[in-house]
Amino acid sequence: MMDKNFVILQVRVTPRSAKRSVSEITDDGLVKVRLTSPPVEGKANQELIRFLAEELDIAVSEVEIRAGESSRKKLVKIYGLDLTAILERLRGKIR
């Protein structure tokens, strides 16, 4: 798609939450995210992409789900940032 640097991020989604948030980043780098959308018809996946783009201050086109589209555990490809920058930005958003 794009020939930029990218990072594969492990994300665990909790759909149908009261609010959207990054709830935790585990020691092994798993990012736990709460979303308000239900896990039907790709709604939670679309919300996850928009949410991560907003939280990381990057374009929606820089975020894509590479694996786990129908699972709570997903592999998300993020372009243009390194892992340190991604985790730093997300740690600042934990609620």
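Visitor: Where is Arg-16 found?

Guide: Happy to start there. In this predicted model, Arg-16 sits in the loop between E1 and E2.

Visitor: How do you know that Arg-16 is exposed?

Guide: Set the value against the cut-off. A residue counts as exposed when its relative accessible area is over 50%. Arg-16 has 59%, so the label "exposed" applies to Arg-16. Its backbone also deserves a look: phi is positive, at about 55°, although Arg-16 is not a glycine.

Visitor: What makes Asp-57 count as exposed?

Guide: The reasoning uses that cut-off of over 50% again. The relative accessibility of Asp-57 is 67%, so Asp-57 counts as exposed. You will find Asp-57 in the loop between H1 and E4. Asp-57 is not a glycine either, yet has a positive phi of about 60°.

Visitor: Let's step back to the whole chain. Which order do its elements follow from the N terminus on?

Guide: The order is β-β-β-α-β-β-α, made up of two helices and five strands.

Visitor: Why is the chain called as compact as a globular protein of its length?

Guide: For 95 residues the globule rule gives 12 Å, and the radius of gyration of the chain is 12 Å, so the chain is as compact as a globular protein of that length. If you like to picture dimensions, the C-alpha trace spans about 35 × 30 × 20 Å along its principal axes.

Visitor: How much of the chain counts as buried?

Guide: Buried means under 20% relative accessible area, and 41% of the 95 residues count as buried.

Visitor: Which residues touch the most other members of the largest nonpolar core?

Guide: They are Leu-9, Val-11, Val-31, Leu-48, Val-76, Ile-86 and Leu-90, in a core of 25 residues. Each of strands E1, E2, E3, E4 and E5 and helices H1 and H2 supplies at least two residues of this core. H1 gives the most, with seven residues.

Visitor: What makes a neighbor of Leu-90 count as touching?

Guide: The test is heavy atoms within 4.5 Å. Leaving aside residues up to four places away in sequence, Leu-90 touches Leu-9, Val-22, Ile-25, Val-31, Leu-52, Glu-55 and Leu-56. Across the chain, among contacts with a separation of 6 or more, 47% join residues 24 or more positions apart.

Visitor: And how many positive and negative charges are there?

Guide: There are 18 positive and 14 negative charges, and their mean positions are 6 Å apart.

Conventions
Residues are numbered from 1 along each chain as its sequence is written. This is a predicted model: local features need pLDDT of at least 70, side-chain atom pairs count only at pLDDT 80 or more; totals for chains, interfaces and linings use all residues. Side-chain values use heavy atoms; hydrogens and water are left out. Helices (H or I, at least four residues) and strands (E, at least two) are DSSP runs, numbered from the N terminus. The radius of gyration is taken over C-alpha atoms; the globule rule is 2.2 Å times the number of residues to the power 0.38. Buried means under 20% relative accessible area, exposed over 50%, partly exposed in between (1.4 Å probe, protein chains only). Lys and Arg count as positive and Asp and Glu as negative; His and the chain ends are not counted. The place of a charge is taken as NZ of Lys, CZ of Arg, CG of Asp or CD of Glu. A nonpolar core is a set of buried Ala, Val, Leu, Ile, Met, Phe, Trp, Tyr and Cys residues joined through side-chain atoms within 4.5 Å.
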